[in-house]
Amino acid sequence: MKRIGVTGHRSIPQEAQAHVLAAMRAALCGFNGSVEAFSSLAVGADQLFADLALAHGAELVAVIPSGDYEACFADGAELARYRSLKARAVREIRLDYPHSTDEAYYAAGAYIADHCDRLLAVWDGRPARGLGGTGDIVTYARELGRPVTVIWRDGVERA
């Protein structure tokens, strides 16, 4: 079984969304046979990837950074989408962090990088805005020698 993981920004500008979706679809189609898809199910890139992976028949593995992770979803719609995706996961990996901290997010991203054959990074190429951000996880995965596919539309800036 092939394993593909995701790391990425929570906010993806509208002008980049179609490009990101197309690149994720292409990456998922490039894996022949059964696929495990690793995601922390955060708003943005993680949820887009999880949706597409499930639509492509992949088995979703939810990597939950902390015991209070649900508290970091801003509203009821975001939380409902998270819970819906988590319910469809074939496996849940819950890390031992009681609270959603930068360290917990870094650990979740590192877990995904440690356990995948390829990492998709929805990343604008800029340094992480806090420990455990996309840039940190890309650096970690590359240090492991993990293949990383960066997905971003040239010329698009995040707010």
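These legends describe close-up views of a predicted model. Local features need pLDDT of at least 70, side-chain atom pairs count only at pLDDT 80 or more, and totals for chains, interfaces and linings use all residues. Residues are numbered from 1 along each chain as its sequence is written, and side-chain values use heavy atoms, with hydrogens and water left out.

**View 1. Six strands form an open sheet.** The strand order is S4-S3-S2-S1-S5-S6, and the pairing is parallel. Strands are DSSP runs of E, at least two residues long, and helices are runs of H or I, at least four residues long; both are numbered from the N terminus. Two strands pair if DSSP finds at least two bridges between them. Strands of a sheet pair through backbone hydrogen bonds, either parallel or antiparallel. Strand S4 (91–97) and strand S6 (148–151) are the edge strands, and each pairs on one side only. From one strand to the next, the twist averages 20°.

**View 2. Strand S5 meets strand S6.** S5 covers residues 118–122. It runs parallel to S6, and 4 bridges join the two. Look for Val-122: its bridge partner in S6 is Ile-151.

**View 3. Ser-39 sits in strand S2.** The strand spans residues 35–39. Ser-39 is buried, with a relative accessible area of 0%. Buried means under 20% relative accessible area, exposed over 50%, and partly exposed in between (1.4 Å probe, protein chains only). The Ser-39 side chain reaches the backbone oxygen of Asp-46 at 3.1 Å. Leaving aside neighbours within four places in sequence, Ser-39 has contacts including Val-6, Phe-49, Leu-60 and Ile-112. Contact means heavy atoms within 4.5 Å.

**View 4. Helix H2 packs on helix H3.** H2 holds residues 45–55 and H3 holds residues 76–88. Their axes lie 11 Å apart, at an angle of about 40°. Axes are lines fitted to C-alpha atoms, for helices over the stretch in contact, and angles run from 0 to 180 degrees between N-to-C directions. H2 and H3 are therefore oblique to each other. Angles under 35 degrees count as roughly parallel, over 145 as roughly antiparallel, 65 to 115 as roughly perpendicular, and the rest as oblique. Among the contact residues are Leu-48 and Leu-54 of H2, and Tyr-82 and Leu-85 of H3.

**View 5. Helix H5 has buried residues.** H5 runs over residues 134–144. Its buried residues include Ile-137, Val-138 and Tyr-140. The buried residues of H5 pack against strand S1 (2–8), helix H4 (102–115), S5 and S6. Gly-145 follows H5, and its phi is positive, near 85°.

Terms used: A polar contact is a pair of N or O atoms within 3.5 Å; within protein, one must be able to donate a hydrogen and the other to accept it, and residues adjacent in sequence count only if both atoms are side-chain atoms.
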